[in-house]
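Dear colleague,

Please find the structure below, handed over for your records. My findings follow it.

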Amino acid sequence: MKRTIITVLLALVPLCLQSQNLSVSTNLADYAMLGTVNAGASVSVARHWTLDASVKYNPFKYGSGNEVKQYRQRLVSAGARWWPWYVYSGWWISGKAQYQEFTKGGFVSEETSEGDRYGGNITAGYSYMIGNHLNMEFGLGMWGGYEKYTTYACPHCGAIVDEGEKYFILPSDIIVSLSYIF
């Protein structure tokens, strides 16, 4: 996974040198999801287009024993945004490929699920310019794809309740993001 992230970021470097428009961002709403640390980078490639890459990471468990609440994840995504007006201002719509490794459970019952998800994401939003280099972004997204999972009776017992593979459609992004544009 580290190789994938590094490869995506290195692929953006030549584009950054040509375009002179790069942004870095963090989604404040993700921190409310049990402390999910996240970062994104975007580079302008044309008047209406940017290429984006982002990562999310959450290693945290809350509680102990069978009272553990968790939504641990490692997520990486890469895609493009289309801006009807100019890049980094106003409305936008994006599509991206996404991979997530997850462990979740303890919210409704002791059951814990873990697995991998692969798929595509569609997101739309608005970027509000606060200053020359600072934007606030708002948006919502959905993603769908293929999931391989295992569900356990509790976080520590190891008793498998269900396992398999399935297609999914889930809400993906609630964006309240702060972006710095170079």
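A residue is called buried here under 20% relative accessible area, exposed over 50%, and partly exposed in between, with a 1.4 Å probe and protein chains only. By that criterion, 37% of the 182 residues in the protein are buried. The model is predicted, so local features need pLDDT of at least 70 and side-chain atom pairs count only at pLDDT 80 or more, while totals for chains, interfaces and linings use all residues. Residues are numbered from 1 along each chain as its sequence is written, and side-chain values use heavy atoms, with hydrogens and water left out.

The protein has two helices and nine strands (DSSP runs numbered from the N terminus: H or I of at least four residues, and E of at least two). Their order from the N terminus is α-β-α-β-β-β-β-β-β-β-β.

The largest nonpolar core consists of six residues: Trp-83, Val-87, Tyr-88, Trp-92, Ile-175 and Ile-181. Such a core is a set of buried Ala, Val, Leu, Ile, Met, Phe, Trp, Tyr and Cys residues joined through side-chain atoms within 4.5 Å.

Asn-58 belongs to strand S3 (residues 49-58). Because its relative accessibility is 1%, Asn-58 counts as buried. A polar atom of the Asn-58 side chain lies 3.3 Å from the backbone oxygen of Met-33, and a polar atom of that side chain lies 2.9 Å from the backbone nitrogen of Phe-60.

Yours sincerely

Definitions and conventions: Polar contact = N/O pair within 3.5 Å; in protein donor to acceptor, adjacent residues only side chain to side chain.
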